[in-house]
Amino acid sequence: MKFRKLFVLLMMSLVLVACGKTENSGNAKEESSAENTGAKKVGIIQIADHIALERARKGFEDELKKTNPDVEIITKNANGDLTVVPSIIKSFQDKKVDLIYAIATPAAQGAKNGEKDIPIVFNAVTDPASADLVKNLEEPEGNITGVSDYFSIQAQLEEMIKIFPNIKNVGVMFSTNEANSKFQIEELKKAAEGFGLNVVEVGVNNINDVSTAIKTIEPKIDIFMAITDNTVSSASTIIAESLKEAKIPSFASEEGPVENGILVSAGVDYVDLGKKAAGMASDILGGKAVNDVPVLFSSDTSKVVNKKTAEALGLEANKNLMDNAKVVE
């Protein structure tokens, strides 16, 4: 009886040892297989959920997958909460990503502050120098480079005046928390002086302030200008509806807000900027040093008009507005 018990125990031990060996072998095989594929990991941090940044992300992802079909993309959205940016960067470090794509200035600043070795490619940053991201635009000195969404405000004002020659007072809203926005406001004021225009500005702390802020400046303005500001872009539908009710035309620096109801844009295309950022990322993932990848400023622009807004304002027959424009509804 004792012999039988000992025999059973011995057989059970052998089975357990065998199972243990099989599980360990399987894990080792999986790790080896993952390592041998050569697939790259890219972490995307998007600062907020609005149409311009979505377009910058989509353009990047689609283009990157063309050159790196096996790339693993990990996307994190801060939803406008700057306090979560460091933890997102830490999660990318833990996952050992090969590159970080940071969309918008606060995301890029958080990535730079939190990571000194992993290459970073930014997008939707108007002035990388004043945002303290890159000092040498031609030969970036750290682990960060990227694409600027800057488009001359003077050129935008020229287009605005061509469409609306009788305007005098230009309204503008900006986030008090964004370096990008402060830079644009200062440039707008300087450029407006040369055209004899008056700038009526209002700052907001967050999206909850937008409805009240737009109402405070509507009686003082002839046209509203939507700069590339994350809070303004996130609230572009609210702003557009308020301006339509007040019968005030609106002008944007890019196509996204026009899709949300702003009247017209003459500026950059964020899908295209995303594609350009993907090209830079592919070069870096392929072994190119970050300081050999200059910061890119795009010169490609387009005019886009919202048909429903034009009709609501009685401007659908305005030749200067509709000529050579892409029309969206």
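This is a predicted model: local features need pLDDT of at least 70, side-chain atom pairs count only at pLDDT 80 or more; totals for chains, interfaces and linings use all residues.
Averaged over the protein chain, pLDDT comes to 88, and 89% of the residues score at least 70. Where pLDDT is low, the coordinates aren't something to read in detail.

Now for the sheets. One of them is open and built from six strands, running β2-β1-β3-β4-β5-β11 with parallel pairing. The edge positions go to β2 (72-77) and β11 (296-297); each has a single partner strand, so one side of each is left without a neighbour in the sheet. Further in, strand β1 (residues 41-46) pairs with strand β3 (residues 99-103) in the parallel sense, with five bridges between them. As for individual residues, Gln46 has Ile103 in β3 as its bridge partner. This sheet also has a helix lying over some of its strands: α4 (residues 105-114) lies across β1, β3, β4 (120-125) and β5 (144-148), and runs at about 155° to β4.

The other sheet to look at is open too, this time with seven strands in the order β7-β6-β8-β9-β10-β12-β13, and its pairing is mixed. Here β7 (198-204) and β13 (326-328) take the edges, and since each has a single partner strand, one side of each goes without a neighbour in the sheet. On average, and ignoring direction, neighbouring strands in this sheet are turned by 25° against each other. Val305 has Val327 in β13 as its bridge partner.

For helix α7 (residues 210-217) and helix α9 (residues 236-245), the angle is about 30° and the axes are 10 Å apart. Because of that angle, α7 counts as roughly parallel to α9, the cut-off for this being under 35 degrees. The crossing of α7 and α9 is right-handed. Which residues meet where α7 packs on α9? From α7 come Val210, Ser211, Ile214 and Lys215, and they meet Ile238, Ile239, Ser242, Leu243 and Glu245 in α9. Sorted by class, this contact has five nonpolar residues, alongside two polar and two charged ones.

Technical notes
Residues are numbered from 1 along each chain as its sequence is written. Side-chain values use heavy atoms; hydrogens and water are left out. Axes are lines fitted to C-alpha atoms, for helices over the stretch in contact, and angles run from 0 to 180 degrees between N-to-C directions. Helices (H or I, at least four residues) and strands (E, at least two) are DSSP runs, numbered from the N terminus. Angles under 35 degrees count as roughly parallel, over 145 as roughly antiparallel, 65 to 115 as roughly perpendicular and the rest as oblique. A crossing is left-handed if the near helix is turned anticlockwise from the far one by less than a right angle, and right-handed if clockwise. Contact means heavy atoms within 4.5 Å. Ala, Val, Leu, Ile, Met, Phe, Trp, Tyr, Cys and Pro count as nonpolar, Asp, Glu, Lys and Arg as charged, and the others, Gly among them, as polar. Two strands pair if DSSP finds at least two bridges between them. pLDDT is the predictor's confidence in each residue, from 0 to 100.
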